[in-house]
Amino acid sequence: MSDPSPSAPISLVLPDGQTIERVRLYEREQLGSGLWMFRIGVPLWQTAVGGGVEPAEYSTWVTAAQLRPLPGVDLGAIPAHPRTRASAPSRWAWLLDGRVHGRPATVHAEGCGNATDRAHPLGTMQALDALARPGTVACTVCDAAEALLPILTHGNDSDPGGTQTVGDPL
């Protein structure tokens with residue numbers, strides 16, 4: 001079943017530089033730091049009940065650096081949620097597991113089954129600060145690595161070719 005909310009096609013740039021054309025852009029949200037995040041849907045296949053495969057859509061949040069607009073596509077109808085001073089973060093909550101038995105400290109998304117009962121809650125900026133410290137990793141089982149690591153690297157890559165990226169807020 002398709003999502004009835006407004007969406008538009010956009011290109012997604014993968015970590016290895018490949019581009020997936022025409023993923024769906026659903027919404028934009030500004031973090032407290034001012035950085036804009038974009039919720040996209042990537043068409044994939046999934047295992048069907050009873051065997052075989054069926055189409056599916058994988059939804060995730062990315063930064064502007066991972067997106068490229070498509071010529072002639074109007075993104076004006078895509079919902080944008082700018083951060084105001086009065087608004088409080090409501091989408092993400094994080095947990096920090098300390099170093100245990102030689103394992104590194106790990107940042108998890110709240111609710112991650114790999115987090116221990118010793119993990120303590122963090123805000124997004126605290127989670128980013130923790131990940132910037134040597135010896136701290138982001139969990140790859142939950143959304144922590146996928147959501148936080150692109151933010152840490154945002155703006156660290158040079159772009160000598162002047163490649164157009166999606167501006168804030170698109």
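**Figure 1. Cysteine residues Cys112, Cys142 and Cys139 in the predicted model.** The cysteine sulfur closest to that of Cys112 belongs to Cys142, at 3.8 Å. Because a disulfide requires two cysteine sulfur atoms within 2.5 Å, this distance is too far for a bond. For Cys142, the closest cysteine sulfur is in Cys139, at 3.7 Å, which is again too far for a bond. A search of the whole structure accordingly finds zero disulfides. Cys112 is buried, with a relative accessible area of 11%. Cys142 is likewise buried, its relative accessible area being 14%.

**Figure 2. The salt bridge between Glu27 and Arg39.** The structure holds one salt bridge. In this pair, the side chains of Glu27 and Arg39 meet with a separation of 2.8 Å from N to O. The pair links distant parts of the chain, twelve residues apart. Glu27 lies in strand S2, which covers residues 19-30, while Arg39 lies in strand S3, which covers residues 36-47. Both Glu27 and Arg39 are buried.

**Figure 3. Leu25 in strand S2.** Strand S2, which contains Glu27, also contains Leu25. Leu25 has a relative accessibility of 0% and therefore counts as buried. Along the chain, Leu25 and Trp61 are 36 residues apart, and their C-alpha atoms are separated by 9.8 Å. Leu25 is also a member of a nonpolar core of 14 residues, which includes Val23, Phe38 and Val62.

**Figure 4. The largest nonpolar core of the model.** This core has 24 residues. Met37, Trp92, Trp94, Val107 and Leu148 are the residues with the most contacts inside it. Strand S7 (94-97), strand S8 (105-109), helix H1 and helix H2 (144-153) are the elements that give two or more residues to the core. Helix H2 supplies the largest share, five residues. The core of 14 residues that includes Leu25 lies apart from this one. In soluble globular proteins, nonpolar side chains tend to be buried together.

**Figure 5. The surroundings of Trp92.** Trp92 is one of the residues with the most contacts inside the largest nonpolar core. When residues up to four places away in sequence are not counted, Trp92 touches Leu31, Met37, Trp61, Thr124 and Ala147. Among these partners, Met37 is also listed with the residues that have the most contacts inside the core.

**Figure 6. Leu128 in helix H1.** Helix H1 comprises residues 124-132 and includes Leu128. With a relative accessibility of 8%, Leu128 counts as buried. Leaving aside neighbours within four places in sequence, Leu128 is in contact with Leu148, Ile151 and Leu152. The C-alpha atoms of Leu128 and Trp94 are separated by 9.9 Å, and these two residues are 34 residues apart along the chain.

**Figure 7. The chain as the setting for the close-up views.** The secondary structure comes to two helices and ten strands. Read along the sequence, these elements follow the pattern β-β-β-β-β-β-β-β-β-α-β-α. The chain has 170 residues, of which 38% count as buried. Among contacts in the chain with a separation of 6 or more, 55% join residues 24 or more positions apart. The accessible surface of the chain comes to about 10200 Å², and 54% of this area belongs to carbon and sulfur atoms.

How values were computed. Residues are numbered from 1 along each chain as its sequence is written. This is a predicted model: local features need pLDDT of at least 70, side-chain atom pairs count only at pLDDT 80 or more; totals for chains, interfaces and linings use all residues. Side-chain values use heavy atoms; hydrogens and water are left out. Buried means under 20% relative accessible area, exposed over 50%, partly exposed in between (1.4 Å probe, protein chains only). Helices (H or I, at least four residues) and strands (E, at least two) are DSSP runs, numbered from the N terminus. Contact means heavy atoms within 4.5 Å. A salt bridge is a side-chain nitrogen of Lys or Arg within 4 Å of a carboxyl oxygen of Asp or Glu. Accessible areas come from the Shrake-Rupley method with a 1.4 Å probe; for residues, only the protein chains shown count as cover. A nonpolar core is a set of buried Ala, Val, Leu, Ile, Met, Phe, Trp, Tyr and Cys residues joined through side-chain atoms within 4.5 Å.
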